[in-house]
Amino acid sequence: MGKNQHVVPHDGQWAVKGEGNTKATSVHQTQQQAIDAARAIAQHQGSELLIHGKDGQIRAKDSHGKDPFPPKG
């Protein structure tokens, strides 16, 4: 399983960052472009996608890992 991918605000744009990384993997004009790029990485790595709002708080999550089916609870 790869690093979780975060979509975060970055100098008036949106960045994709691997969890624990200090540098952005990529920077995009729009949040949707960053989400699309991060989703492709998360799907390839089998990791989580975490989307942050402009305030930096996590507003959505999307799992691309090997989740149990059916889900527990």
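**Exercise 1.** Work out the order of the strands in the sheet.

*Solution.* Start with the layout: 5 strands make up an open sheet, ordered E3-E2-E1-E4-E5, with mixed pairing. Strands here are DSSP runs (E, at least two residues; helices are H or I, at least four), numbered from the N terminus, and two strands pair if DSSP finds at least two bridges between them. Next, look at the edges: E3 (26-28) and E5 (58-63) each have a single partner strand, so one side of each lacks a neighbour in the sheet.

A word on the model: it is predicted, with local features needing pLDDT of at least 70 and side-chain atom pairs counting only at pLDDT 80 or more, while totals for chains, interfaces and linings use all residues. Residues are numbered from 1 along each chain as its sequence is written, and side-chain values use heavy atoms, leaving out hydrogens and water.

**Exercise 2.** Find how E4 and E5 pair.

*Solution.* Strand E4 (residues 48-52) runs antiparallel to E5, and 5 bridges join them.

**Exercise 3.** Is serine 47 buried or exposed?

*Solution.* First locate serine 47: the loop between helix H1 (31-45) and E4 holds it. Its relative accessible area is 1%, so serine 47 is buried (under 20%; exposed is over 50%, partly exposed in between, with a 1.4 Å probe and protein chains only). Finally, find its contact: a polar atom of the serine 47 side chain is 3.0 Å from the backbone oxygen of lysine 3.

Methods
Polar contact = N/O pair within 3.5 Å; in protein donor to acceptor, adjacent residues only side chain to side chain.
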